[in-house]
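Student: I have a model open and would like to learn how to read it feature by feature. Can we go through it together?

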Amino acid sequence: MIYHNLLFVLAIVFAMWAVMARRLLTSAVMLALLSVCVSLIFFNLGAPWAGVFELSVCAGLITVLFIGAVSLIRHEDEAHPENRARFYALPLAAAIFAIAGWYYLPPFFEELAAWRRMASGSPAIGLALWDLRRPDLLGQILMLAAGVFVIKSVFPRRTEK
Amino acid sequence: MSVFAMDWYLIALLIFIGFYCMLASRSIVRQLIGLEIVSKGAMLTVISAGALTANIVFAQALLITMIVIEVVVVAAGLALLVKNFRVHGTADIWKLDGLKG
């Protein structure tokens with residue numbers, strides 16, 4: 001229980017660090033650490049498949065994409081930095097939200113949890129993923145093809161002389 | 001307080017941080033970082049609800065789809081960022097309308 005809440009608090013700390021960091025590279029690395037925390041929470045909640053995907057794709061692939069893009073625009077960002085005052089106000093805003101939410105959100109979530117309907121026995125992950133949700137896999141392949149198509153259309157081959 | 005309510009309270013805080021980042025910044029990279037944080041919160045809610053109703057297998061299958069969609073969205077957003085940077089030399093979100101054909 002303490003380990004579980006500690007992982008959540010660590011995830012929030014890394015998220016705040018990612019938002020408040022002055023350098024974009026630090027933000028990207030903190031985002032990767034946030035992903036690692038989230039994947040550890042998945043393992044802790046008994047969802048190892050989701051944890052593995054989160055760790056490999058979100059903490060790995062997306063971080064590589066971010067670092068590649070940030071290294072392209074880093075000089076411009078350091079030459080003309082944004083106004084930092086709004087980011088330094090984030091801990092204050094988050095604290096106000098946390099204190100105000102402490103009185104209203106947990107009772108609402110308790111009520112939400114009372115409406116739950118328990119599942120009647122869940123199948124194995126292989127059955128759920130490969131048999132019952134097979135159209136999802138087709139959708140994922142189409143989604144990846146759409147991503148490739150977007151990048152192809154954003155960077156067309158130059159044909160004009 | 002139950003574990004579920006405490007989890008969702010902390011997830012609400014995480015999502016607030018992501019939305020604040022998206023509201024406060026004009027840089028495209030920080031917009032995408034905010035979007036990533038919000039989507040992490042959404043994934044945690046899906047898995048937490050799956051654990052609550054003893055239905056974690058379907059929650060995992062749904063989450064794998066969410067992760068794939070997230071990767072595609074981030075890749076498309078970063079491609080727009082690089083294109084915008086090549087055309088205008090800036091990562092400002094207000095300059096994105098200069099890309100219109």
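Student: What pattern does chain A follow, read along the sequence?

Tutor: The pattern is α-α-α-α-α-α-α, with seven helices and zero strands in chain A. Helices (H or I, at least four residues) and strands (E, at least two) are DSSP runs, numbered from the N terminus. Before we go on, some ground rules: this is a predicted model, where local features need pLDDT of at least 70, side-chain atom pairs count only at pLDDT 80 or more, and totals for chains, interfaces and linings use all residues. Residues are numbered from 1 along each chain as its sequence is written, while chains are lettered from A and ligands numbered from 1 in the order in which they are written.

Student: What is the radius of gyration of chain A, and what does the globule rule give for 161 residues?

Tutor: The radius of gyration is taken over C-alpha atoms, and the globule rule is 2.2 Å times the number of residues to the power 0.38. Chain A comes out at 21 Å, well over the 15 Å from the rule, so chain A is more spread out than a compact globule. Its C-alpha trace spans about 65 × 45 × 25 Å along the principal axes.

Student: Which domains is chain A divided into?

Tutor: Domain bounds come from an automatic or database domain assignment. Here they give domain 1 (1–80) and domain 2 (124–161). The centres of these two domains of chain A, taken over C-alpha atoms, are separated by 24 Å.

Student: What share of chain A counts as buried?

Tutor: The test is a neighbour count: a residue is buried if 20 or more other C-beta atoms lie within 10 Å of its own, exposed if 12 or fewer, and partly exposed in between, with C-beta atoms placed from the backbone. In chain A, 22% of the 161 residues pass as buried.

Student: Is A:Glu54 buried or exposed?

Tutor: A:Glu54 is buried, because 29 other C-beta atoms lie within 10 Å. You'll find A:Glu54 in helix 3 (residues 48–79) of chain A.

Student: Which residues does A:Glu54 touch?

Tutor: Contact means that the C-beta atoms of two residues, placed from the backbone, lie within 7 Å. Leaving out residues up to four places away in sequence, A:Glu54 touches A:Ser35, A:Val38, A:Ser39, A:Phe42, A:Ala59 and B:Ile67.

Student: Over to chain B. How many helices does chain B have?

Tutor: Three helices, and zero strands; from the N terminus on, the elements of chain B run α-α-α. The radius of gyration of chain B is 17 Å, whereas a compact globule of 101 residues would be near 13 Å. Along its principal axes, the C-alpha trace of chain B spans about 50 × 25 × 15 Å, and buried residues make up 43% of the chain.

Student: Where is B:Ala54 found?

Tutor: Look in the loop between helix 2 and helix 3 of chain B. Phi of B:Ala54 is near 55 degrees, a positive value in a residue other than glycine. With 14 other C-beta atoms within 10 Å, B:Ala54 is partly exposed.

Student: How many residues of chain B are in contact with chain A?

Tutor: 62 residues of chain B are in contact with 68 residues of chain A. Helix 1 (3–24), helix 2 (28–52) and helix 3 of chain B each supply at least two residues of the side that touches chain A. The largest share of that side, 24 residues, comes from helix 3 of chain B.

Student: How do I read two helices packed across the interface?

Tutor: Two packed helices are described by the angle between their axes and the distance between the axes. Axes are lines fitted to C-alpha atoms, for helices over the stretch in contact, and angles run from 0 to 180 degrees between N-to-C directions. Take helix 5 (residues 90–114) of chain A and helix 1 of chain B: their axes come within 8 Å and cross at roughly 140 degrees. These two helices are therefore oblique to each other (under 35 degrees counts as roughly parallel, over 145 as roughly antiparallel, 65 to 115 as roughly perpendicular and the rest as oblique). The contact includes A:Phe97 and A:Phe109 of helix 5 of chain A, and B:Trp8 and B:Phe16 of helix 1 of chain B.

Student: At what angle do helix 6 of chain A and helix 3 of chain B cross?

Tutor: Roughly 50 degrees, with the axes of helix 6 (residues 125–132) of chain A and helix 3 (residues 56–88) of chain B coming within 9 Å. That makes helix 6 of chain A oblique to helix 3 of chain B. The contact is made by A:Ile125, A:Ala128 and A:Leu129 on one side and B:Val57, B:Phe58, B:Gln60 and B:Ala61 on the other.
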